[in-house]
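Colleague: I would like to learn how to read strand pairing and helix packing. Please take me through one example.

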Amino acid sequence: MDFTFLADRIKTHLLELQPDDKPLCVIRGSGGFNNEPGESYVIPYSDAIYLYNRKFSDPDFEVQTVALADISQLLLNQEAFSAVLSINAGDVVTLKISSAEIANAELMLENFESCREIREQFVESVPQDAAEEQRISPLLGLTVVLMFIATVDNAITDEEQEFIKRFCGSDDELYDKAYEYYQNHTFEETIGALALNGQQKMCYLANIIELAMVDGVFDSREQKMIKRFADAADLNEAEVRTIRDVLLIKNQLSVL
């Protein structure tokens with residue numbers, strides 16, 4: 001199915017979730033998910049799949065976001081004039097599709113297999129004992145991540161510099177150590193050196209989003225880097241959107 005022919009409310013929602021990317025394809029179901037009557041769509045991007053489903057009596061779609069890293073199995077069973085697509089991400093979602101949608105489903109499977117091979121190669125290339133030796137503390141890691149967010153546009157504003165300095169407080173050693181680490185490592189290496197629990201991940205997310213907003217411009221490059229962190233930390237779009245919306249309200253001082 002062509003993206004152009006999607007319902008406007010779905011296109012608008014996708015543009016909010018993925019403002020700078022286009023979907024790999026659009027797969028329209030022959031009915032709803034799991035053999036239920038209704039209307040359904042599977043819309044894959046390079047790093048996630050969005051599932052839209054509604055019964056005919058429902059006013060709007062239910063939306064589920066599934067990160068590619070969370071999918072354990074993606075299958076396409078072809079029949080004479082149709083096929084059944086199965087997505088296993090803890091819960092299994094099945095979708096019957098017409099023969100016209102099979103090529104799009106195969107494209108999605110190719111992307112999934114390619115991403116899985118890359119992840120497996122990365123895991124195999126990093127010895128476990130070496131990974132443990134490279135761990136950095138959550139506090140140091142957050143300071144480094146803030147530096148990457150602040151300089152993603154190749155410049156750092158006074159507001160961003162002040163935010164990071166205020167975060168470090170009077171601990172000049174923390175700032176200097178973070179800056180040295182920042183100069184000698186990539187963003188991905190920094191994320192890979194962290195071992196965060198759920199609360200720490202949300203704390204990171206809130207601070208990096210607030211830093212991105214502190215200069216009054218929520219740059220698309222900052223948004224992409226935040227998404228890279230969220231994907232690496234297995235934080236879903238709903239969690240990102242919730243914190244972003246709260247911080248937008250908090251920092252909208254013009255209403256006062």
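Modeller: Start with the terms. Two strands pair if DSSP finds at least two bridges between them. Helices (H or I, at least four residues) and strands (E, at least two) are DSSP runs, numbered from the N terminus. This is a predicted model, where local features need pLDDT of at least 70, side-chain atom pairs count only at pLDDT 80 or more, and totals for chains, interfaces and linings use all residues. Residues are numbered from 1 along each chain as its sequence is written, and side-chain values use heavy atoms, with hydrogens and water left out.

Colleague: How many bridges join β6 to strand β7 (residues 91-98)?

Modeller: Eight, and the strands run antiparallel. Ile 87 has Val 93 as its bridge partner in β7. One residue lies between the strands of this hairpin, and Gly 90 takes a positive phi near 100°.

Colleague: What does β5 pair with?

Modeller: Strand β5 (residues 73-78) pairs with strand β6 (residues 82-89) in the antiparallel sense, over six bridges. Leu 74 is partnered by Ile 87 of β6. The β5 and β6 hairpin has three residues between its strands.

Colleague: How are two packed helices described?

Modeller: By the angle between their axes and the distance between the axes. Axes are lines fitted to C-alpha atoms, for helices over the stretch in contact, and angles run from 0 to 180 degrees between N-to-C directions. Here, the axes of helix α5 (residues 158-168) and helix α8 (residues 198-213) come within 9 Å and cross at roughly 150°. That makes α5 roughly antiparallel (over 145 degrees) to α8.

Colleague: Which residues of α5 and α8 make the contact?

Modeller: Contact means heavy atoms within 4.5 Å. Glu 160, Phe 163, Ile 164 and Phe 167 of α5 meet Asn 207, Glu 210 and Leu 211 of α8.

Methods: Parallel < 35°, antiparallel > 145°, perpendicular 65-115°, else oblique.
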